[in-house]
Amino acid sequence: MLGASALAMAVAAPALAQSNQSTATQTGTNGAITVTQSGSDGTSTVTQGGNLNRATLNQSGSLNRSTITQDNGVGSSDDNNTATVTQSGSENVSVVSQTNDFSTTTVVQANDSNDSDVSQSGDLDLASVTQTGSDNESDVVQVGNINTARIAQGGDGNTSTMTQTSGLNEAIVTQNGNENTSLATQEGVGANTLNVLQEGDENLSDIVQGGAGNGVGTTASAGVIQLSNENTATIRQAGGLHTAFVEQKGGDLNTASINQGANSSTDHDAQVRQDGTDNDATVNQRGFNQLADVRQGGDGNSADVAQG
């Protein structure tokens, strides 16, 4: 352990001449900390307990701040975690907290004023956050076990909030336009999957899934696709084994809302495709084994499907 602490101090020491500050604390065993700050006025704090935790931080811009905590404070069940943070812009903020076992976080922030907050308190969770624009904000909270969250934001002023409260959930959010917002909450039993792709500006996607085995897209393809501007897609799924798909492109100001199942029904499939401007579609399904497919092209169309 002494060797790992010495390594952290040795790497961080040259940065002090550039007004960088680094604090590394290890109270566990066999931990390793590497801090490299080649910019100016950077601040880093790394705290590790447990056994075999690894933290790597590289900051090359100015006024960047990073906090990595891999220690639950009780001296047990905070082992084998890995955190890697790279910040190359200015005034970026990264906070990583991993307080159980075998979790991994990777954060990459370039350009300016990005904010990433990752909290993982389960086992075998994985979080990846990449923000290459400016003024983006990402919050990832994973409480259960074996959850995966991958967030990529390439434009400016985007916001992503991801909360997964049970196990085996998988979430992918990609936002490459400006001022897009993704609010995705997966709770309940678990094993839910969502994939959101927003390429335009000022789009909003709000997905809440409960129960088990619900899917909005897969790990290979997006379930919410918004490729134009100021579109809104809202999907609420409870119960289990529901699938939903929304694609909005070709025009602006489209709205789609899919609400399936509440807490007891299962096996619904709802799809909405809108190619045009100012279209509206609402699908509400209860009962079991319902199928809805809405496709609208052109402008100003409206559809309302309710099945019981």
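In which strand is the place of S116? The legends below start there, and every view shows a predicted model.

**View 1. S116 sits within strand β9.** The strand that holds S116 is β9, covering residues 115–120. S116 is buried, and its relative accessible area is 0%. Which residues is S116 in contact with, once neighbours within four places in sequence are left aside? The list is V93, S94, V95, V107, Q109, V129, Q131 and S138.

**View 2. The structure holds 1 cavity of 30 Å³ or more.** A volume of about 40 Å³ is found for the largest cavity. Its lining is made up of 11 residues, and G28, T29, G31, G49 and G50 are those that lie nearest the centre. How many residues of each class does this lining have? Sorted that way, the lining of the largest cavity has 9 polar residues, 2 nonpolar ones and no charged ones.

**View 3. D206 and R236 are joined by a salt bridge.** The two side chains meet at 3.5 Å, N to O. Distant parts of the chain are linked by this pair: D206 belongs to strand β17 (residues 204–209) and R236 to strand β20 (residues 232–237), with the two lying 30 residues apart. Is D206 buried or exposed? With a relative accessible area of 17%, D206 is buried, because the limit for that class is under 20%. R236, at 36% relative accessibility, counts as partly exposed.

**View 4. D293 forms a salt bridge with R295.** Here the closest N and O atoms are 3.1 Å apart. D293 is partly exposed, at a relative accessible area of 43%. R295 has 57% relative accessibility and so counts as exposed, the cut-off being over 50%. The count of salt bridges in the model comes to 2.

**View 5. I225 is a buried residue of strand β19.** This strand covers residues 224–226, and I225 has a relative accessible area of 14%. What does I225 touch, not counting residues up to four places away in sequence? Its partners are L197, F245, V246, E247 and Q248.

**View 6. V272 is a member of the largest nonpolar core.** That core has 38 residues. Which of them touch the most other members? They are V140, M162, L194, I235, I258 and V272. Around V272, the residues in touch are F245, V246, E247, A256, I258, A281, V283 and V294, again without residues up to four places away in sequence.

**View 7. D41 has a positive phi.** The angle is near 55°, in a residue other than glycine. Where does D41 lie? Its place is the loop between β2 (32–37) and β3 (43–48). D41 counts as partly exposed, at 38% relative accessibility.

**View 8. E202 is not a glycine, yet its phi is positive.** For E202 the value is about 55°. The loop that holds E202 runs between β16 (193–198) and β17. At 45% relative accessibility, E202 counts as partly exposed.

Terms used: Residues numbered from 1 in each chain as written. Predicted model: local features only at pLDDT ≥ 70, side-chain atom pairs only at ≥ 80, totals over all residues. Heavy atoms only, no water. Helix = DSSP H or I, 4+ residues; strand = E, 2+ residues; numbered from the N terminus. Buried < 20%, exposed > 50% of the residue type's maximum accessible area, 1.4 Å probe, protein only. Contact = heavy atoms within 4.5 Å. 1 Å grid on protein atoms, 1.4 Å probe; cavity = no way out; pocket = protein on both sides within 12 Å on 5 of 7 lines; lining within 4 Å. Points joined across faces, edges and corners; volume = space filled by probe spheres on them. Nonpolar A, V, L, I, M, F, W, Y, C, P; charged D, E, K, R; others polar. Salt bridge = Lys/Arg side-chain N within 4 Å of Asp/Glu carboxyl O. Core = buried A, V, L, I, M, F, W, Y, C linked by side-chain atoms within 4.5 Å.
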